[in-house]
Amino acid sequence: MTPVAHRLAALLDDHFPGGLPVRLRAWDGSEAGPPDAPVVVLRTRRALRRLLWQPGELGLAQAYIAGELEVEGDLADALSGVWRAVRDGGPAPAAPGPRQLAALAVTALRLGALGPRPPAPGAPQARLRGALHSTGRDRAAISHHYDLSNDWYALLLDETMAYSCGYWRRPDDPSYGPADAQRDKLELICRKLGLFPGARLLDIGCGWGSLSLYAAREFKAHVTAVTLSREQHDHVAARVAREGLGELVDVQRRHYRDITEAHHDAVCAVEMGEHVGDAQYPAFAARLHTLLRPGGRLLVQQMSRGAGARGGGAFIESYIAPDMHMRPLGETVGLLESAGLEVRSVESLREHYVRTIAAWQHTLETRWAEFVALAGEPTARVWRLYMAGSGLAFRERRMGVDQILAVRPTPDGEAAMPPTPFDWYAPGGRG
């Protein structure tokens, strides 16, 4: 009888024009594929059955989450090999076509893998209802990702609790770590916004309060911190009380569409714009313009997708960030300018995100047992897959992240910007 791995490799060779990019090891111990490639282990017949019920990316992800499929060695290397095989081999279907599915079904029958639909792998999966980007649906989407638990994020992140790309000013210094990179990012944002004592800052999508508290503590700004997440709201409120910043920071749980107070000196949205939605972004940009006073500054730190990358995907939509939308950087710049804002600076942080995610991955792996104890192994495996895929996407330029600084010009066209950006970067200098 032909070994299981050889049967499956013959099927997959047809799906990858450049040849199978991984080595397969099946439940019978057989192996097939390139000897020097990452090893994908099919532990049980259920992995094959799951792919029959859910072909494509989501079925593969669920098999991994359930522990029915394993990757020996570096998970990102395996994902990269598959991505390169699809890219270099020309157009390939996102999921098996009818002919491949028929062949897979026949093979599954012969291997005794047919049966009822396997149960869900055990990690929370987004089940959103209502109109796309309605307030209620947005709240549910944000809750799915950010309300996992404050304990989870406290374990994953550094003491700043900043869940966004850091700014690695001294990446080769062994004494310089993730918390330093996050503090340098917060300092840079505050300098770009030109904050000063008494400045009115609106922090839309404030996360766990890292920027809001930094702006209040270090720049004495009056901050309105807004989030849709209950867990984040309660965490920020507790931090504000603990640090005695109640007179400077007002924490609110509300949708950005419900913010009506205008004339802010500065507005920031740090990795929040990805949750706004494609059709809703022009109105979001217009609202940012309205919330600023003439001469006020806007800082948007936002992820983007490459011009040839589709972004998102079934796994991300189902398990990580439902309803998230990213576009090429130039389109976002155009939307902000169409709203009457003047874009003054764009700074790419793509390589910085590779380092930031690598730091999160290191924490996840070195403290794996603690993450499993907090949320269960399936959820921990979701995050392992998420971190590996995200880091790879930034490294291979399928995703980017940028700081976009804009201003609302005065009626006379004044931008009230410094003549040069020197003070943004000069050590110890504040413009």
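**View 1. Helix H1 and its buried residues.** Val4, Ala5, Leu8, Ala9 and His15 are the buried residues of H1 (buried means under 20% relative accessible area, with a 1.4 Å probe and protein chains only). Seen down the helix axis, these residues fall within an arc of 115° and so line one face of H1 (the arc is taken from the directions from the axis to the C-beta atoms). H1 covers residues 4–15, and its twelve residues reach 17 Å from first to last C-alpha, close to the expected 16 Å (1.5 Å times one less than the number of residues). Helices here are DSSP runs of H or I with at least four residues, and strands are E runs of at least two, numbered from the N terminus.

This is a predicted model, in which local features need pLDDT of at least 70 and side-chain atom pairs count only at pLDDT 80 or more, while totals for chains, interfaces and linings use all residues. Residues are numbered from 1 along each chain as its sequence is written, and side-chain values use heavy atoms, leaving out hydrogens and water.

**View 2. The largest nonpolar core.** Tyr163, Leu193, Leu195, Val249, Phe315 and Trp383 touch the most other members among its 101 residues (a core joins buried Ala, Val, Leu, Ile, Met, Phe, Trp, Tyr and Cys through side-chain atoms within 4.5 Å). Helix H16, residues 377–395, gives the largest share, nine residues. A second, separate core has 24 residues, including Ile259 and Leu341.

**View 3. Strands E6 and E7.** E6 (residues 222–227) pairs with E7 (residues 249–253) in the parallel sense over five bridges (pairing takes at least two DSSP bridges). Ala225 has Val251 in E7 as its bridge partner.

How values were computed. Buried < 20%, exposed > 50% of the residue type's maximum accessible area, 1.4 Å probe, protein only.
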